[in-house]
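Here's a quick walk through a two-chain model.

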Amino acid sequence: MRKKIIYSAVFFLFTICVEGNCFSQEYFTKNGRISFFSKATLENITADNNQAISLLNTQTGELRFHVLINAFHFPKAMMEQHFNTDYMESEKYPSSKFKGTIAEINKVDFSKDGSYKVNVNGSLEIHGASKNITGVGAISIKDGKLSATSVFKIILKDYNIDIPSIVINNISQQIEIIVSCQYEKRMSN
Amino acid sequence: MLAIKLGFTVMLFFVFEGMILAQDTSNLMNQLEKEVAQNETVYTTATFKSTRIINGHSIETLPAHVLDLRISHRFGPVSSGIYNFFGLDNATMRLGFDYGINSNIMVGVGHSTYQKTYDAFFKAKILRQSTGKLIMPVTATFVSAIALNSLKPRDFDSKPDSGVDINRASYVFQLLIGRKFSGKFSLQIMPTFIHADNISFLHNEHNIFAIGIGGKHKISKRISFNAEYYYQLPGNKAPGSHNVLSFGIDIGTGGHVFQLHFTNSMGLTEKSFITETTGRWDHSDVLFGFNISRVFQLKKKRINN
């Protein structure tokens, strides 16, 4: 009896370990690049963040992002300050998050080189406000390395980011966001 | 019996497995976020809205390669009435240019009509308040300033035996220690040493110690309430001089910061407002003043594309 319990326990642990190695299809990055671009009459605004965390489960299609607001860097230092204090309130809302899925992830063959157009949908949280978004992205596999890109647009109003009337002509309501990540496979355990 | 047990084990196994898979993404994400957060130092920013609280310096320095054009006005006492248009008829002003050499060091020059003073200063951040990997509770900034009073000497200074040394220069050294306590509230203290000149104001003691305290309370995203007070240590205060107390609001609109305030000092350099303030709040010698700051980015930081 005791032997049987031990056996089943060993079997149980063993399968978990095997599962862990074979089926944990998680890819991650800590240096994902997120940039945004806004075209306005007075000047174009652009900023860059190379510290986005992202996680992609190639089995379930789950896709996550965690982006620190104060890691966006601007060509103009004062703009960076105002972005953090006046617009994004980065002390109150330090990060932006995306939680979504890649539709039809099964169509993507991760075992050989290729590139695929995919549809992504999920909830994007910026400035404490969440909104469901859908977008198109591309996944490409080259030499066993997985990378993903996407370009989509958001409206500032959706995330309660207000623009004072005095600079309303300098800042566009529509912001283009460019995502580009090189993923590494997560080594389990 | 064995079959049931085995079946049960397998069932249990699948239940567990399902839970693990479902939670895995969230757990892993949390783990990654934690790893990154632990290795990162987050520096506190925007302790004050501007490099000045009201009259004196705040712990803030300009970002690198930013030029700040500052125009400051102090009017006459409000109590001087309608004849003087509540003080607006007699204004003193300072025109100044500040520049950020790097993100921790800035310099500035200026000229003010008050005592026809030319001034220059050097300001450096020594400590930066931070959380995360490196924890620092305060920001500390060192300020050193020189002011040259270019007024024609008063009679007692131009006595033949007083020689050429009429002591036109005054020196100021300050250590500003500040902390942003919350998103809304910041406070700083400013131990100050001043070597005063004697050309327009009689200082019995040329070496004056003062301690200042200044604070900011944010009212809205772009408006904050500021207060600033300098206390001259007893024994070295010049006759007729009073401590300077000021209240004001800061309004930020992007490239500009407007600072509107009430103070009892007409002077605009440290030596003048800390040691030569003659107005008194309890005698209604309060006057209105404002600072306008406009920043220009002279050299853009390259961001890799």
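Setting aside neighbours within four places in sequence, Val136(A) is in contact with Lys117(A), Asn119(A) and Ser150(A); contact here means that the C-beta atoms, placed from the backbone, lie within 7 Å. Val136(A) sits in strand E6 (residues 129-142) of chain A. Helices (H or I, at least four residues) and strands (E, at least two) are DSSP runs, numbered from the N terminus. Is Val136(A) buried or exposed? Val136(A) is exposed, because it has 11 other C-beta atoms within 10 Å. The cut-offs are 20 or more such atoms for buried and 12 or fewer for exposed, with partly exposed in between. The C-alpha atoms of Val136(A) and Phe152(A) are 7.5 Å apart, although 16 residues separate the two along the chain.

A word on what you're looking at: this is a predicted model, where local features need pLDDT of at least 70 and side-chain atom pairs count only at pLDDT 80 or more, while totals for chains, interfaces and linings use all residues. Residues are numbered from 1 along each chain as its sequence is written, and chains are lettered from A and ligands numbered from 1 in the order in which they are written.

pLDDT is the predictor's confidence in each residue, from 0 to 100. Chain A averages 86, with 87% of the residues scoring at least 70. Residues 17-22 of chain A stay under 50, and the model has 4 contacts for them beyond four places in sequence.

Chain A has 2 helices and 8 strands, running α-β-β-β-α-β-β-β-β-β along the sequence. Of its 189 residues, 25% are buried. Among its contacts between residues at least 6 apart in sequence, 56% join residues at least 24 apart.

Now for the inside. A nonpolar core is a set of buried Ala, Val, Leu, Ile, Met, Phe, Trp, Tyr and Cys residues joined through C-beta atoms within 7 Å. The largest one has 33 residues, and Ile34(A), Ala52(A) and Val67(A) are among those with the most contacts inside it.

| Strand of chain A | Residues |
|---|---|
| E1(A) | 26-38 |
| E2(A) | 45-57 |
| E3(A) | 62-68 |
| E8(A) | 174-185 |

Beyond four places in sequence, Ile34(A) is in contact with Asn49(A), Ala52(A), Val67(A), Ile177(A) and Val179(A).

On to chain B, where 12 strands close into a barrel with antiparallel pairing, in the order E2-E3-E4-E5-E7-E8-E9-E10-E11-E12-E13-E14. Two strands pair if DSSP finds at least two bridges between them. E4(B) (residues 105-112) and E5(B) (residues 117-127) pair over 8 bridges in the antiparallel sense, and Gly110(B) stands opposite Asp119(B) in E5(B).

How do the chains meet? 27 residues of chain B are in contact with 30 residues of chain A. H1(B) gives the most to the chain B side, with 9 residues.

Helix H2 of chain A (residues 77-87) has Ala77(A), Met79(A) and His82(A) buried, and what covers the buried residues of H2(A) includes strands E2 (66-77) and E14 of chain B.

Notes: Contact = placed C-beta atoms within 7 Å.
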